Amino acid sequence: MEEKAFRRSYESFQDAIKQFASCMDDYLFVFDLKKDCYYISSAAAERFRMPSNEFSNASEVLKEFVCSDDYLMLSNDLANLTSGKKQTHNLRYRWIGKDGSPIWINCRGIVVNDQDSRPEFMIGCVNEIGVRQIADNVSGLLGESTFRNRIQRFQKSFPKGFILRMGIDDFRDINEKFGTEYGDIILRIVAECIEHSLLPGQQAYRMVADEFVVADFLGGSGSDAEKLYRRICSEIEKKIEERHYESVYTISGGIITSIDMTDLDYTDITKISHFALGEAKLRGKNQVYLFRSEDYSRFLRKRVLLRALREAVANDFCGFELYFQPIMKTGSGELFAAEALLRFCIYDTEFVSPAEFIPILEESGLIIPVGKWILHNAMAMCQECQKQCPDFKISINLSYIQIIKSAILTEITSSIASATLQPSSIIMELTESGHLENTPAIQNVWNRLKEHGVNIAIDDFGTGYSNLQNIGTLMPHIVKLDRSFTLKALQNTYEYQLMINIIQMVHSLGLQVCVEGVETTDELEKISALGPDFIQGFYYSKPCPKDEFIGKFLS
Ligand code: C2E
Ligand code: MG
Ligand code: MG
């Protein structure tokens, strides 16, 4: 008799829950109806907005994690159970997750009476009935929620191991070309290849869409993860061959190790693991990338910059400024033109280098509105300067994105007209980056600008793609030799000789040369001796704001 009473105590139910909880995804609970105390599997306290998995004053505390719309229904049911009107509880309603989102649950329980047949406890089980996917029927693998549970169970303290996240490259194309049923077959094949390649202790999960994860917390290293990735790839290749190449696909993989996960929660682990997979895809797909925190910092920095650039554009270009650097005639040292150079200031204090933010403007397409703003402001500056120096020209950098993705020709000609300038006062600088010669759209703009009377300059000549032959085909008005070329020419005789020959060749075609990046008197003398038409560099001035430029060079 005594033993029976003991078995039915609150503590004995708790003990049983502790023992069973680790073998199940559902949550077991005991509710002491007389003392208003509640105990539930510890995993519930990680998932739902409850103070802990054990609390008193339960009917009040329930309000904290039961959706307010559902609370009345629940408390009516509890009243019936406590008064003995009902012996079983079976309700579907919503609890509130740790992040505040509602989660559908089904709570079932039975009442256990005391020796006097009065309701004493309710014991039972809560299970999630929403989209929480335990396993995936398409791939046959465990699902994301199981993976999440596993990660959360480590409570941020991870043994040595890794997470390899994989995605099928261009999976959307497969679905579009062959249909989603075929897509499902590919998912199953990839899942099989992954399972075949696993070593003991490694577990695979299917995540959303075409993504899979393998977790290894039994000592696997980054290079073990790479080896695993390669085994999976070769399994996939075999399958493609077996199926006579009816479709050919590849996978990319991103690896993070326990060291990268130190102190991170599931959400942050997911972020860096997604980043790692994203990097593999960005670097050309069909490859694996091992997480590096420097890359991630760069990625975050880029995101911050992109947000700041977007805000600046939306906020009437606040944060952008145009600086101007003089371009002087060689020999006389007279002012010929100014190059307009974009500046961007973040948090009102930090100047960001154009080398950092121009590519972001280009990738995001923001270079199009910003480019219009540059045209408008540079031409207004030119108009102002011509009041004192009628021959003054303005040199404006143009990105190939502006040419390919906007009506740049109209933009340039209408800006010239509204600033009442002569087209010959304008120099448009285009970087010769391999796009120039081969893209008809660019060729067309190039030719139309020349027809309109605008001067054209090839910028950054001497870096990367430079091709002497292109100068003959493109026939710009000015060739600008990049500072990196100038530096080399000043340091070594071969490059110096090359510069002499290039300048001669450009002249022989009837075109002009501007040498960029001259900083000292000594450099000025050496470069002037080669007879370029123009010189630009810190020797004359660093780029500066408009008023400073006017004060220095036009007053
Ligand atoms: P770029 O068009 O070749 O501009 C010349 C760059 O060389 C400028 O860098 C200028 O400050 C720098 N420079 C000039 N003389 C010297 C010198 O003597 N010594 C040194 N160390 N540097 C010198 P900045 O302003 O940082 O611009 C870098 C690049 O960013 C530009 O190269 C251009 O490609 C791009 N950029 C700048 N402004 C714009 C813009 O408004 N639109 C577009 N599309 N690109 C721009
Ligand atoms: Mg330039
Ligand atoms: Mg340049």
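Rings of Phe, Tyr and Trp (its six-membered ring) pair if their centres lie within 6.5 Å; planes under 30 degrees apart count as stacked, over 60 as edge-to-face and the rest as tilted. This is a predicted model, in which local features need pLDDT of at least 70, side-chain atom pairs count only at pLDDT 80 or more, and totals for chains, interfaces and linings use all residues. Residues are numbered from 1 along each chain as its sequence is written, chains are lettered from A and ligands numbered from 1 in the order in which they are written, and side-chain values use heavy atoms, with hydrogens and water left out.

**View 1. Aromatic pairs.** By the ring rule, the count comes to 32 aromatic pairs. Tyr-323 and Phe-351 are edge-to-face, because their ring centres are 6.1 Å apart and their planes stand at 70°. This pair links distant parts of the chain: Tyr-323 belongs to strand S12 (residues 320-329) and Phe-351 to strand S14 (residues 350-352), 28 residues apart. Helices (H or I, at least four residues) and strands (E, at least two) are DSSP runs, numbered from the N terminus. Tyr-323 is buried at 15% relative accessible area, while Phe-351 is partly exposed at 47%. Buried means under 20% relative accessible area, exposed over 50%, and partly exposed in between (1.4 Å probe, protein chains only).

**View 2. A ring pair in helix H23.** Phe-549 and Phe-553 both sit in helix H23 (residues 546-553), 4 residues apart, about one turn of the helix. Phe-549 is buried, with a relative accessible area of 0%.

**View 3. An aromatic cluster.** Ring pairs join Tyr-27, Phe-29, Phe-31, Tyr-38, Phe-48, Phe-55, Phe-65 and Trp-95 into a cluster.

**View 4. The antiparallel sheet.** Six strands make an open sheet in the order S3-S2-S1-S6-S5-S4, with antiparallel pairing. Strand S3 (54-55) and strand S4 (88-96) are the edges; each has a single partner strand, so one side of each is left without a neighbour in the sheet. Two strands pair if DSSP finds at least two bridges between them. S4 and strand S5 (residues 102-113) run antiparallel, joined by 9 bridges. Asn-90 stands opposite Arg-108 in S5. Helix H4 (residues 58-65) packs on the sheet and touches S1, S2, S3 and S4; its direction makes about 45° with that of S4. Contact means heavy atoms within 4.5 Å. Axes are lines fitted to C-alpha atoms, for helices over the stretch in contact, and angles run from 0 to 180 degrees between N-to-C directions.

**View 5. The mixed sheet.** Five strands form an open sheet in the order S8-S9-S7-S10-S11, and the pairing is mixed. The twist averages 20° from one strand to the next. Strand S10 (residues 251-257) pairs with S11 in the parallel sense over 3 bridges. Gly-253 stands opposite Val-288 in S11.

**View 6. The magnesium site.** Asp-459 (OD), Glu-516 (OE) and Glu-516 (OE) coordinate the magnesium ion (ligand 3) at 2.2 to 2.7 Å. Donors are N, O and S atoms within 2.8 Å of the metal (3.2 Å for Na, K and Ca); water is not among the atoms, so sites may look incomplete. The magnesium ion (ligand 3) and the magnesium ion (ligand 2) are 3.9 Å apart, and Asp-459 coordinates both. Asp-459 is buried at 5% relative accessibility, and Glu-516 is buried at 11%.
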